[in-house]
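Subject: Structure handover

Hello,

Here is the structure you asked for, with the sequence alongside. My notes follow below it.

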Number of protein chains: 2
Amino acid sequence: MAQGPTITTIAERAGVSIASVSRVLNGLPTRQETVRKVMAAAEELGYVRNAVARSLKSRRTHQVAFAMADVGNPAYLAMLREIQPVLKAAGYRLVLHSTGAVVADEIDVLHSLGERYVDGMIMVPLRVTEAHLQMLAAARAPVVVIGSVPEGTPVDNVRADSRTGVRLAVDHLHALGRRRIALVNGPTDTVPGAARGAAYREALAELGLPYDEELVEIGDFYRAEGGRAVAALLNRVSDVDALMCANDLIALGALDVLRAAGKRVPEDVAVVGMDDTDLAAASWPSLTSVSLGSAERGRVAAELLLDRLQQGEHEPRVVTVPPRLVVRASTTPEPPAVRGVPEAFGAAGRQSRSTEGGGTS
Amino acid sequence: MAQGPTITTIAERAGVSIASVSRVLNGLPTRQETVRKVMAAAEELGYVRNAVARSLKSRRTHQVAFAMADVGNPAYLAMLREIQPVLKAAGYRLVLHSTGAVVADEIDVLHSLGERYVDGMIMVPLRVTEAHLQMLAAARAPVVVIGSVPEGTPVDNVRADSRTGVRLAVDHLHALGRRRIALVNGPTDTVPGAARGAAYREALAELGLPYDEELVEIGDFYRAEGGRAVAALLNRVSDVDALMCANDLIALGALDVLRAAGKRVPEDVAVVGMDDTDLAAASWPSLTSVSLGSAERGRVAAELLLDRLQQGEHEPRVVTVPPRLVVRASTTPEPPAVRGVPEAFGAAGRQSRSTEGGGTS
DNA sequence: CGAAACACCGTAAACGTTTACAGATCCTTG
DNA sequence: CAAGGATCTGTAAACGTTTACGGTGTTTCG
């Protein structure tokens, strides 16, 4: 781990100047003889380019940051898994920032862009505050935001459409004949919570169903909380025949509680989750879930960023990724054999990339 | 996004030399008056230190790489989630390398250490080949390997103990009265596959049970493959009363097939998975699973690396993390109420960190 | 009051590259 | 054979920091 060889070491050994070495290493036109000597010296010394010095001169680090609250969250993970290969293919390294649920950390991360250790950044903010907007406007490197940002913010923006997503789910439940469709939401002071609450209301209105406050329960986006919320709901109203859950975890909690209460899913109560995580396919009964296209949003964000890194300045772009309803056993009354079994296996196919090797010993 | 201010800009504005600016910014002893002027100038200009230039001079990037096959794999993800905060707390950024299942990529990543864009690396190799060992010996920065590496390799090493893990599971099944315990393994030319196969054999021997080739089925570490393997197994032998699966996904596939075949779990067949992923708690029935301590291995690896980065040279260390059997409904014959329900909720607690916010709109 | 001690600061070199520019070498051609 | 051009190469500056060293100005003390 001593001092690695530098361009200067090579120059001495090959008996040429450092400029020539650099030219050879960069494939610039050079006499054949010189190329040979330099290559030989580099080879013998086991030379590797110093990325730091290179970056200093070229003002390019070939690194991109991805910042979100927590890698463990399946939605962020899905994005990450798409972002990574896109960046890698373009020759960029990925710097990961897990900011936790702390908004101040997100601001910090944006600020750190000034350190120029990355060429650009993809960020999924928890909330978009005034401070965010200021930092985004002043950012020293291109940023792509996944999530909604007001018109006029000078960054590329990739959005989901949870309104339409909720609509898809509610329509589906309605089409199955359900009329007492409850909403189990997360906190309404979060962006997703608020959006999903509003969308639920809208969807009911469009279908001509009444909005009944009794049918709305607020918990948090976790399994245990979801379970508690559903328990409270069942205590209050007895004729619920469908649960629209703001999240797959909430839906899993719902399944726990329904099972304990002796209700059959989907015969007595149909359940829909949201985000279409791996858990949805793994649960029993498998969970109908609204996919908000996390993976695709990740891919699109990466592409937008690369585009900007390569093309330079242009108008900020906004891309909205459409949601998709993935129907599984928790809503389809009697899954036809064709649908039930292949689903189990089909799901495995979807997951296969996530499971190479399966562990380490 | 123009040219950011540098130390020179500040020096001019404050009417001092760049050396003074640097001293002030680094908190070295300086006259109060100068400190004031420099701070004021830096403030007005919105100066941020250039990390690249800094690294070039200091030979420290404050970045650490984590390299594994695929972030989507729950085992690696669990490691990542522990590694990240440890590094962050110590002031290091995390560079993520997803190498895919390609061994050559791992070698590449090790080679790229010579570029000095990171101060060190944590790696989880798929396989440890001769090429790996050579690169590890010649690595230009400290490396911690998660997985087993031969004696004498000059790197810190964090190991799981899948032998003991399998033993725990088989003992558990045996204690429950099961005697026809089958193994559903992944490919035996992978490290985990081989280790688990051998451990199964050993465990049976210790219990005085015969090793019956009929009871071993090889598939792959995916859900669909696992299902197929179990189907084949059931076709061949009819009296299987327990399945030791080399992986949670295989176990999920097993549940699919058993359910389709009308076998009750755990009454007719008990099922044990391995890795104790989030899926284990989410499935129905919830899955008894052997935890190989991925999270802890990640944390330990990060700590070892930091230690080496800060302390410098010392003998390579080897740490083995003990496995743990997490008992759930897929093996406990009649989960007492106390055990069944809290499990569902307890599981949510375990997962809570992975689900802040639950999605983005 | 002069010298020694001290506090502070600026100059310049260094980290390892890339690259503009000009000098050296070679070949071509009249 | 000389001049011109084409080709290749070396010198040096630059990227933005940190830091060793020596210089200046102030204080302290004999």
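In which sense do β5(A) and strand β11 of chain A pair, and over how many bridges? They pair in the parallel sense, over 3 bridges, with β11(A) covering residues 318-320. Please keep in mind throughout that this is a predicted model.

Strand β5 and its partners

In β11(A), A:T320 is the bridge partner of A:R159. Strand β4 of chain A (residues 143-146) also pairs with β5(A), again in the parallel sense and over 3 bridges. There, A:I146 has A:V158 as its bridge partner in β5(A). In a regular strand, side chains alternate between the two faces of the sheet. In β5(A), residues 156-159, A:D156 and A:V158 point one way, while A:N157 and A:R159 point the other way. All of these residues are buried.

The six-stranded sheet

Chain A also has an open sheet of 6 strands, in the order β7-β6-β8-β9-β10-β12, with mixed pairing. The edges are β7 (216-218) and β12 (324-326) of chain A; each has a single partner strand, so one side of each is left without a neighbour in the sheet. On average, neighbouring strands of this sheet are turned by 20° against each other, direction ignored.

A:S291 stands opposite A:R324 of β12(A).

Helix α11 of chain A (residues 248-260) packs on it and touches β6, β8, β9 (270-274) and β10 of chain A. The direction of α11(A) makes about 155° with that of β9(A). Helix α10 of chain A (residues 223-236) lies across β6 (181-185), β7 and β8 (242-245) of chain A, running at about 145° to β6(A).

The nonpolar core

The largest nonpolar core has 187 residues, and A:M244 and B:M244 have the most contacts inside it. Leaving out residues up to four places away in sequence, A:M244 touches several residues, including A:V166, A:V170, A:I181, A:L183, A:Y200 and A:V272.

Helices α1 (residues 7-14) and α2 (residues 18-25) of chain A pack with their axes 8 Å apart, at an angle of about 105°. They are therefore roughly perpendicular to each other. From α1(A), the contact uses A:I7, A:T8, A:I10, A:A11 and A:A14; from α2(A), it uses A:I18, A:V21 and A:S22. By class, this contact has 6 nonpolar and 2 polar residues, and no charged ones.

Regards

Terms used:
Residues are numbered from 1 along each chain as its sequence is written. Chains are lettered from A and ligands numbered from 1 in the order in which they are written. This is a predicted model: local features need pLDDT of at least 70, side-chain atom pairs count only at pLDDT 80 or more; totals for chains, interfaces and linings use all residues. A nonpolar core is a set of buried Ala, Val, Leu, Ile, Met, Phe, Trp, Tyr and Cys residues joined through C-beta atoms within 7 Å. A residue is buried if 20 or more other C-beta atoms lie within 10 Å of its own, exposed if 12 or fewer, and partly exposed in between; C-beta atoms are placed from the backbone. Two residues are in contact if their C-beta atoms, placed from the backbone, lie within 7 Å. Two strands pair if DSSP finds at least two bridges between them. Helices (H or I, at least four residues) and strands (E, at least two) are DSSP runs, numbered from the N terminus. Axes are lines fitted to C-alpha atoms, for helices over the stretch in contact, and angles run from 0 to 180 degrees between N-to-C directions. Angles under 35 degrees count as roughly parallel, over 145 as roughly antiparallel, 65 to 115 as roughly perpendicular and the rest as oblique. Ala, Val, Leu, Ile, Met, Phe, Trp, Tyr, Cys and Pro count as nonpolar, Asp, Glu, Lys and Arg as charged, and the others, Gly among them, as polar.
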